[in-house]
Amino acid sequence: MTTNKYRDVFLDIAKGLAIILVVVGHVIQGSSENFDDLLWFKVIYSFHMPLFVFLSGAVAAIAFQSDSVKDGMKASLRRAQVKISKAAVRLLLPFVAWCVINQLIYHHSDSVMSALILAFRRPDTTLWFLLAIFYCIVLTAFFNIFFSVIYKLSTRVEIKGFAKWICDGRVQILLMILIWWVIREHTPRGAGLSLIRPYFIYYVLGIGFYKYLYLKMSTWKYLPAGIIFIALIPFWSRTANDNIDGVTSISLWIAYFYAGLVALSGSFLILGATKWIAETNIKSIKSFLILCGQLSLGIYAIHYFFLAYSPKVLAPLLLGVGITYGINSIPVLRTVLLGEK
């Protein structure tokens with residue numbers, strides 16, 4: 001297995017918990033016709049993919065350098081090129097590879113090419129999460145270029161304090177969220193671009209959390225999020241308008257942010273559990289979660305093939321872990337299927 005000196009045990013454990021929730025959710029979905037009415041399905045589906053996007057942003061925060069905008073637009077363009085190229089190998093290559101494998105096994109389309117075209121038209125038919133994260137990375141790189149231009153202009157017109165202000169990562173994160181909130185409904189939908197509409201903000205929040213809050217967050221500080229989540233989850237429904245079910249008198253303001261608040265509070269509940277696990281001495285559980293986190297992409301891709309296997313959850317999870325571990329030991333497969341060099 002490849003190792004990385006920049007890995008954070010906290011993030012690996014969090015991703016391990018997240019991928020286990022994904023497996024549990026998919027097993028429930030495949031085992032019951034009325035899965036939308038089941039409590040555990042509602043709990044998991046209310047936040048599990050926003051959590052994964054959030055954690056992807058947290059991983060990106062490790063390399064996030066807000067003052068890089070001082071280097072100029074050309075440097076920002078070079079960084080964007082490198083970042084997007086790496087993301088293409090890390091995410092797009094496995095996205096395409098697993099799409100081809102699914103087509104060869106299940107023959108969902110007339111040909112491999114038609115399957116690939118369908119995958120970009122309707123990413124929900126394949127591993128859409130990889131495409132969503134790729135677009136989040138691309139958009140973040142574009143924002144970095146934009147901030148470089150703003151910095152250059154501010155130094156030329158000599159607006160007092162503005163250049164320093166735009167170099168602040170917290171300001172950049174806030175601007176990315178606000179600008180995206182304004183323009184997102186006017187962005188293209190083709191080629192799966194619509195995926196970033198609901199998810200890009202979680203990605204940026206993940207960057208902000210890991211960069212500026214993570215080290216200040218003790219375990220008990222995650223507790224309010226758990227209380228909020230428990231209070232809100234009874235009304236959450238995947239199929240209801242604004243994801244709110246059974247509530248008739250609620251302000252439009254609360255309704256607008258309800259699903260996001262549920263997703264974030266649920267995510268922070270898991271992050272609190274992650275913090276607790278990371279600080280305990282339960283080595284076996286901790287080691288297994290770290291392994292699942294490190295192999296999460298492969299587990300995500302492979303567990304679908306074994307959802308009907310018994311024992312439920314354990315079979316698809318452990319087979320996903322074992323097969324991914326094997327793939328990871330073969331350099332060519334590791335690159336093509338897992339995006340790892």
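Reply: On the face of helix α10 that is turned away from its buried side, the exposed residues are Leu223, Ile227 and Ile230. This is a predicted model, so the assignment of faces is computed from predicted coordinates. The buried residues of α10, which runs over residues 223-232, are Ala225, Gly226, Phe229 and Leu232. These four cover an arc of only 135° around the axis, and they therefore lie on the same side of α10. Buried here stands for a relative accessible area under 20%, and exposed for one over 50%.

The helix belongs to a chain whose secondary structure comes to 15 helices and 0 strands. Of the 341 residues of that chain, 49% count as buried. A compact globule with 341 residues would have a radius of gyration near 20 Å, and the chain, at 21 Å, agrees with this. Taken along the principal axes, the C-alpha atoms fill a box of roughly 65 × 55 × 45 Å. Among contacts between residues at least 6 apart in sequence, 74% join residues that are at least 24 apart.

Met73 and Ile145 are 72 residues apart in sequence, yet their C-alpha atoms are 6.0 Å apart in space. Leaving aside residues up to four places away in sequence, Met73 touches Ile145, Ser148 and Val149. With a relative accessible area of 43%, Met73 is partly exposed, because that class lies between the buried and exposed limits.

The elements that give two or more residues to the lining are α1 (9-31), α3 (48-61), α4 (73-106), α8 (169-183), α9 (196-213) and α11 (252-278). The largest share of the lining, 8 residues, comes from α11. By class, the lining of the second largest pocket holds 25 nonpolar, 10 polar and 6 charged residues.

Conventions: Residues numbered from 1 in each chain as written. Predicted model: local features only at pLDDT ≥ 70, side-chain atom pairs only at ≥ 80, totals over all residues. Heavy atoms only, no water. Nonpolar A, V, L, I, M, F, W, Y, C, P; charged D, E, K, R; others polar. Buried < 20%, exposed > 50% of the residue type's maximum accessible area, 1.4 Å probe, protein only. Arc of directions from axis to C-beta. Rg over C-alpha atoms; globule rule 2.2 N^0.38 Å. Contact = heavy atoms within 4.5 Å.
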